[in-house]
Amino acid sequence: MRIGELSHRTGVNAHQLRYYEAQGLLEADRSANGNRDYPEHSVLRVTQIRHLLGAGLSSEDIAYLLPCAQGEVPELPGCPDLLAAMQSRMQRLTDQIDRLARSRDALAAYIAAAEQTGGDSYPPFDGADREAVPA
């Protein structure tokens, strides 16, 4: 099937499908004129990729796990290497959540302090024109 049909059947845009292919997550043959030709099982593969991305896995993690994936959701066997990869990703997510929680708490403290002191010396600020400053 062509990339447009795969996009239509999976709800994933063609740009993302090309990215998946570049990351080694999806394979396509090339026709004589260079068009991508995806096998029928690519619909399942894209569904699996989307579920694993939704779990917070990186494309590198997914490339490692995908050969063992079974079914749409997908199910992954509990072999030690796969478990170690998933546990490693879970730890990275936990660390990120902890950093975000500390940032949220610090910001809440600044807000509480600012509300206590009040004042009208600064111009109004709605935050819409500013980007977040990384911690």
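Along the sequence, the protein chain follows the pattern α-α-β-β-α-α-α. Five helices and two strands make up this order. The model is predicted. The chain has 135 residues, and 22% of them are buried. Among contacts with a separation of 6 or more, 44% join residues 24 or more positions apart.

Helix packing was examined next. Two packed helices are described by the angle between their axes and the distance between the axes. Helix α1 spans residues 3–10, and helix α2 spans residues 14–22. The two pack at an angle of about 105 degrees. Their axes lie 9 Å apart. An angle of 65 to 115 degrees counts as roughly perpendicular, and α1 and α2 are therefore roughly perpendicular to each other. On the α1 side, the contact involves Ile-3, Leu-6 and Ser-7. On the α2 side, Ala-14, Leu-17 and Arg-18 take part. By class, the residues of this contact are four nonpolar, one polar and one charged.

Helix α2 also packs against α3, at an angle of about 85 degrees. The axes of this pair are 12 Å apart. That angle makes α2 roughly perpendicular to α3. From α2, the contact draws on Gln-16, Leu-17 and Tyr-20. From α3, Val-46, Ile-49, Arg-50 and Leu-53 contribute. The contact of α2 with α3 comprises five nonpolar residues, one polar residue and one charged residue.

Thr-10 lies in helix α1. Its side chain reaches back to the backbone oxygen of Leu-6, at 2.7 Å. With residues up to four places away in sequence set aside, Thr-10 touches Val-43 and Val-46.

Arg-50 sits in helix α3, which covers residues 42–54. Arg-50 has a relative accessible area of 37% and is therefore partly exposed. Not counting residues up to four places away in sequence, Arg-50 touches Val-12, Gln-16 and Tyr-20. The C-alpha atom of Arg-50 is separated from that of Pro-74 by 9.9 Å. These two residues are 24 residues apart along the chain.

Pro-74 is found in the loop between α4 and α5, the latter spanning residues 80–117. The peptide bond from Val-73 to Pro-74 is cis. Its omega is near -15 degrees.

The loop between α4 and α5 also holds Glu-72. Glu-72 has a relative accessible area of 52% and is exposed. Beyond its neighbours within four places in sequence, Glu-72 is in contact with Leu-44, Thr-47, Gln-48 and His-51. The C-alpha atoms of Glu-72 and His-51 are separated by 8.0 Å. Along the chain, Glu-72 and His-51 are 21 residues apart.

Ser-58 is found in the loop between α3 and α4. With a relative accessible area of 26%, Ser-58 is partly exposed. A polar atom of the Ser-58 side chain lies 3.0 Å from the backbone nitrogen of Asp-61. The C-alpha atoms of Ser-58 and Arg-89 are separated by 8.3 Å, although the two are 31 residues apart along the chain.

Ser-59 belongs to helix α4, which runs over residues 59–65. Ser-59 counts as buried because its relative accessibility is 15%, and the cut-off for buried is under 20%. The side chains of Ser-59 and Gln-23 are joined by a polar contact of 3.2 Å. Leaving aside neighbours within four places in sequence, Ser-59 is in contact with Tyr-19, Gln-23 and Leu-25. Ser-59 is thus buried, whereas Ser-58 is partly exposed.

Terms used:
Residues are numbered from 1 along each chain as its sequence is written. This is a predicted model: local features need pLDDT of at least 70, side-chain atom pairs count only at pLDDT 80 or more; totals for chains, interfaces and linings use all residues. Side-chain values use heavy atoms; hydrogens and water are left out. Axes are lines fitted to C-alpha atoms, for helices over the stretch in contact, and angles run from 0 to 180 degrees between N-to-C directions. Helices (H or I, at least four residues) and strands (E, at least two) are DSSP runs, numbered from the N terminus. Angles under 35 degrees count as roughly parallel, over 145 as roughly antiparallel, 65 to 115 as roughly perpendicular and the rest as oblique. Contact means heavy atoms within 4.5 Å. Ala, Val, Leu, Ile, Met, Phe, Trp, Tyr, Cys and Pro count as nonpolar, Asp, Glu, Lys and Arg as charged, and the others, Gly among them, as polar. Buried means under 20% relative accessible area, exposed over 50%, partly exposed in between (1.4 Å probe, protein chains only). A polar contact is a pair of N or O atoms within 3.5 Å; within protein, one must be able to donate a hydrogen and the other to accept it, and residues adjacent in sequence count only if both atoms are side-chain atoms.
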